[in-house]
Each structure stands twice: as C-alpha cells, then as structure tokens.
Amino acid sequence: MDTNWPIRVSDLHKSFGAIHAVDGISLRVAAGEIFGLVGSDGAGKTTTLRLLVGALWPDAGEIAIAGYDMSRQAEQARAHLGYLSQRFSLYEDLTVLENIRFFAEVRGLSTGEWLPRSMEILDFVGLAEFKDRRAGQLSGGMKQKLGLATALVHRPRILLLDEPTTGVDPVTRQDFWQLIIRLLNPDAEDGVAVVISTPYMDEAARCNRIGFMRAGRFLLEGPPSALCATLEGRILELRGQPLRLLRRIAGQDEDVEDARAFGDRLHLRVREKRMKAVLRRLPRRIRAGGGSLDDLRQVPPTLEDVFIDLSEDVL
Amino acid sequence: MLNSRLRSIIRKEFIQILRDPRTLAISLFIPIMQLFLLGYAATSDVRNIPMAVWDQNRTPASRALLDAFRAADYFRIAYDVGSEAELRTLIEMGRARVGLLIPADYDLRFLDGTAQVAMVLDGSDPTVGSTALSAAQLIGQAHATRILNERMQRAGATFSLQPPLEVRTQVWYNPDLVSAYFMIPGVIGMILYAITSMLTATAIVRERERGTIEQLIVTPIRSWELMVGKILPYVILALLDTLEVLAIGHWWFGVPVRGSLALLLALSGLLLLSGLGIGLYASTIANTQQEAMLISWMTLLPGIFLSGFFFPLEAMPKVLQWVSYAIPLRYYLIIIRAILLKGVGAAAIQNEIIALAVFGVAIMGAAALHFRKRLD
C-alpha cells in the first residue's frame, strides 16, 4: 500500500458517445494536501471525481485509491473513501442521525461505535442539536454539512468533494472551508488527502495545488502562487468613470490583450514587457476619449486572471 | 446469515416505507379493493336476467309456462308488455335482456301438441345470451315433459314418460360454480406478481432519481447486498398482502383452503422471484419512477391476460396459448387453484412448480447480471 500518495491517477479517459469528458488526466495527491479541480461547467470535473470513486467505469487509465486498484479492489478502496456529490444525495425522509447511522454502519462501524462517532462528527460540523430533524427540512448549507459529516463518519483517508459550496451562502462557505482545513492535519501521519472541485477562484486559491480543467484535460497544474507567477508583471488595475468607456479605450490599446470588469474596476492583461509603455500612454488616451481616470497601477495577478488567460489560449 | 451492511439497508428501507404512509396504505389497501371488485363485480354467474313478456294468450296454460320460468331463478319477469314494439324498445334500452312472446292461440295449439312460443335474446353480451338460451330451452323442455306426464296420468296411464337418456352432472371442487372461488386465487397471484415488481422497480429507481445512489455507490456495500436489501422489505410486504387477501377470500368469500397452506406460501415465494426479477430488470433500464412503473406495467398487463386469470387458456388461439407458456403467472394460477380448491399436493402440480422455478431463477438471474452498482 502506497501511503505517500493516497490518490494516484494516470492517463484517465472517459467518453460519453462522441464527447471526451475526461481526456488524459494524471494526478497525485498526498496526505494532508488539498487539490482543487478548477474549471467551468462541462470541463470534466464531476466526471473525474465520479471516475475516482468508481461510480463510472473509465475507458482507459489507472486509478489507485489508498493503494487499491479501483478496477479490481473498489470495495476495499471505498472503505477509505469519503465522497460528497454535487447534488444533495442523502435520504430526505430520514433524520440527520439516521442518515449518519446508515452510512456509518454500511461502512462497517459496529453497534457500539457508530453513536459516539456520529455525535462527535455532528458536533464537529455543528449539527448536533438538529440530530432528530428530517434531512429534507434542513437548509441548503446544513444539508451540505450533513453530507460532509456522513462522508467523514468512518474517518476516511481520502475525501472527494464535488462543488460542495455551490448554492451555499457566503457565511456557510466560510464555515465549510474552516471544517475542511481543520480536517487536513498536514503534520500528522493520518492527514486526509482532499480533492475538491470548484468553479470559484477564491476557493481555488485556498488549495495547496490546483489543476485548471478544460475539455477533460489539465491546462495547467501547480500551487496557486506558482500559477499566478506566470502572469507576474502583466496585470494592471484601472479605476475611473465611466467604466464601459474605459474598457473600450483600454481594449483598443495595441499592447492590452484583455480588459475585463472586476467589480468596480478593470483588470487589464498586458503583453509581456509592455507594462511601462501602457502605463505611460493609457492615461492620456482616456482623457482624450472623455473619461476620468482615478487610478492605474500594476497589481499581483489573481487566479482569475490566470483562468481567463488560459481560457482564451484555447479559443 | 445477515451481515451488518445488509441489516442496515433493510432497516433503512423499512424506516422509509413506514415514513411514507401513502405508499404503505396503497400497497396494503389496493389488494383488498381489487379483491372485492373482482370477487363481486367480475362474476360470470348469470342470475335474474330481466325478461319482458308479451302474453297474448292470458290463459291458465300460459300462466303455467310463466310460473315455470319464474321458478328457475335464471329469469326475472320484469315487464308485462302489450305489443311487439314495446318489447323491442325495452330490449333496445337494455332494460330487458330477454323477450318472451306467447301467441294468442297458445292454449288451443297446446292441445294439438303444436304450441310454439318465441324467445328473443339480446346477444350483445354473449355470456348472458348463451346462458339465457340454454336455460330457456331447458325450462321449456322440462315444462313440456311435466305437462305430457300429467295428461297421460289423467288419461289413465300407469307409467310416466321418461327420456331414454339423462346426463347426470357432478361438479367437483366448486359444486355451486361460484365465480369468486375462481377469481380470488387469481387476485392473489396478480397481487403478488404486480405489487412486488412495481414496488421493487420504483424503490430502486427512486435512489437514482433522488441522487442517493451516488452516495450508496461510494460505500463498500456489495452489489448483491444492495439488491437483496432493497428487495427483501417488499417481499415481506407482498407476503403480508398475500395473507391478507387469502384471509378475506377464505372468511368473507368462503373460498376453501383444501390443500397445504405451507406449500402454497412456499410456491408463492417462487412466483415472487419472477415478480422481483421483472421489477429489478425494469429498475436497471428506467431512469425515473414513472418509467419504471410503465415498463413493469407493459410486461405485467399482457402477462395477466394471458395467464388464464380472466379467460380460459383453452379457448385462446394456438399462438397465444404458446405465448402463455412464457408467462410465470400462468403456472402459479394453476398451482394456487389446485391447492386451494382441489387440495392437491406437490406431486400433482410438479410440472408447474418446475416451470415456475425455472422462470423465477432465469428472470432473477438475468436481472441480477444486469444490475450494476455504477452510474454508467
């Protein structure tokens, strides 16, 4: 059993008819590490996770979970696996505790074990006082926490989360991430290996490593800081009025590859080594065009800048 | 024998059944409703056929004939009419099924021995029509024979006239030919077959429809444990239904239980294999509960018609008779009617038992092979 790499995937392929949903994914995740699958809808994130848990059968490629080959020893592997699917997939007609009990028992927790462990995990996610409520009557965020609790009840070494915070309020999103980070325990031997898929860049930034997915492939993979570094010295932040006019003027500049609204400001991606030229002439052009400029300066690139850059490369 | 994973699935399934009172009520009450409907309404017993009479003769002789019709409870003289048009209207409106015309010279021709009466039958319902036809002929013949004998006695004969041949009938197993005795075993078979297949199909597809299957797949539950765990609660429900229908059939409708109840229950288990297999198979094809319902209905409905539930198989065209050999319910109906009404043991119905077992194992096996603990 390979304890260094709880998750090992090599050259995974899966097609649905003519669509290559997953087209050559390779991946290793260490204990205590969070790996983020980042990409827009249809990039292949959910299919990748479903292949990892054995819910789908790959066309080609190898998957080893906790050292077990998923094609031959899926049930042994699953004893170490916790999975939270994108859609709430627990029994709405069972209570919180009954749900946890069911998933604890089918994963082999004995009669004496399941209750203290279930209460412990419900305490951990903050649902202890709702243990007798039907799952169908929980709020969206509470449902996701219950899902997390059932995925964790058997102390898995591998946790796979498919867009766990989609459709959840910002406060609960924060709570949810705090829970995941507390789980990791990167220094201990028994740290959990986490793979999380997300369309949100702020969540991607919390991962130890991320893979940008598009059309079933990783376009780029590495720690967020390393990925951001690829655009170092090429992002300008622009503030002024009116934003639409500024965007048009900036977009017409020969050295600006992309101009995009980020809330009340614009992010401009500038050709390599052309930063100074743009900083010099753009304020002039804006004034000549009738706009007012409040601020124009170089900023460190965000993951969103990287993502936009990658998306355009492929187009 | 039950491991802890299997026990957990079964317990979960039972909690869900009990939390869904509507489905539970449906699965417990529908069989009773079907039983009463089919026990009473779907009867082929013909009694009290409404008759319209146009007695143009109105003599003691014609009244004696009408009394003979009254005495047999096949007919009820509902209308006394004065014209053929009136009689026709009553039959057209369906108020009367049968019309009897006694001509004006009935009593005179009676003395010659040339009397004739006319009987008009509404043949739109062949069951009623044919029963009325043969009943009327019998009543007429008996009446004629009786009058002949009376006359001969009055004329001083010392012997009475007897037809040279008489067919003496003896009806076994169901001497009064009560339809319910035939129908209720059929209802039991149909319920076992239909309820199990539909409930299991929807129970499994529900997990897929609500997305809970994804969470189940990721647990170490084995495929067979999921299958057995999902099915077993519905087997118990179906057996409860069987006992319920059997009890009402016995104590309310008076259906005899002449053979071994244990044998019947054991063989009911064999039929369950087929029903569950069909349900399981439907669940592997269907994506929604409605689809699962439809698929199981599509296989059940022709099965029920070709099983000999309503219509005798012997009267069907040869091709349909061959098709009926592929229908497990056919064998079960023979088995249950034989055990309940004839009181036979396993030896008398061994061919049907073997056929039922073969089908059960084959359908269940095919479904089990097709059942995957996966999404694709």
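Two residues are taken to be in contact if their C-beta atoms, placed from the backbone, lie within 7 Å. This is a predicted model, in which local features need pLDDT of at least 70, side-chain atom pairs count only at pLDDT 80 or more, and totals for chains, interfaces and linings use all residues. Residues are numbered from 1 along each chain as its sequence is written, while chains are lettered from A and ligands numbered from 1 in the order in which they are written.

**View 1. The contact between chain A and chain B.** In this view, 24 residues of chain A are in contact with 22 residues of chain B. On the side of chain A that touches chain B, the elements giving two or more residues are α1 (45-53), α2 (74-78), β6 (81-84) and α3 (96-106), and the largest share, five residues, comes from α3(A). Helices (H or I, at least four residues) and strands (E, at least two) are DSSP runs, numbered from the N terminus. By class, this side of chain A has 13 nonpolar, three polar and eight charged residues, where Ala, Val, Leu, Ile, Met, Phe, Trp, Tyr, Cys and Pro count as nonpolar, Asp, Glu, Lys and Arg as charged, and the others, Gly among them, as polar.

**View 2. Strand β11 of chain A and its two partners.** Strand β11 (residues 235-241) is joined by four bridges to strand β13 (residues 265-270), and the two run antiparallel; strands pair if DSSP finds at least two bridges between them. Ile235(A) has Arg269(A) as its bridge partner in β13(A). Six bridges join β11(A) to strand β14 (residues 292-298), again in an antiparallel arrangement, and here Leu238(A) stands opposite Leu296(A).

**View 3. The packing of helices α1 and α9 of chain B.** Helix α1 (residues 4-19) and helix α9 (residues 223-251) of chain B pack at an angle of about 35°, with their axes 8 Å apart; axes are lines fitted to C-alpha atoms over the stretch in contact, and angles run from 0 to 180 degrees between N-to-C directions. The residues of α1(B) that meet α9(B) include Leu6(B), Ile9(B), Ile10(B) and Phe14(B), and those on the α9(B) side include Leu226(B), Val228(B) and Leu232(B). By class, the contact of α1(B) with α9(B) has nine nonpolar, one polar and four charged residues.

**View 4. The surroundings of Val195(A).** Leaving aside neighbours within four places in sequence, Val195(A) is in contact with Ile7(A), Val29(A), Phe35(A), Leu37(A), Leu49(A), Leu52(A) and Leu160(A).
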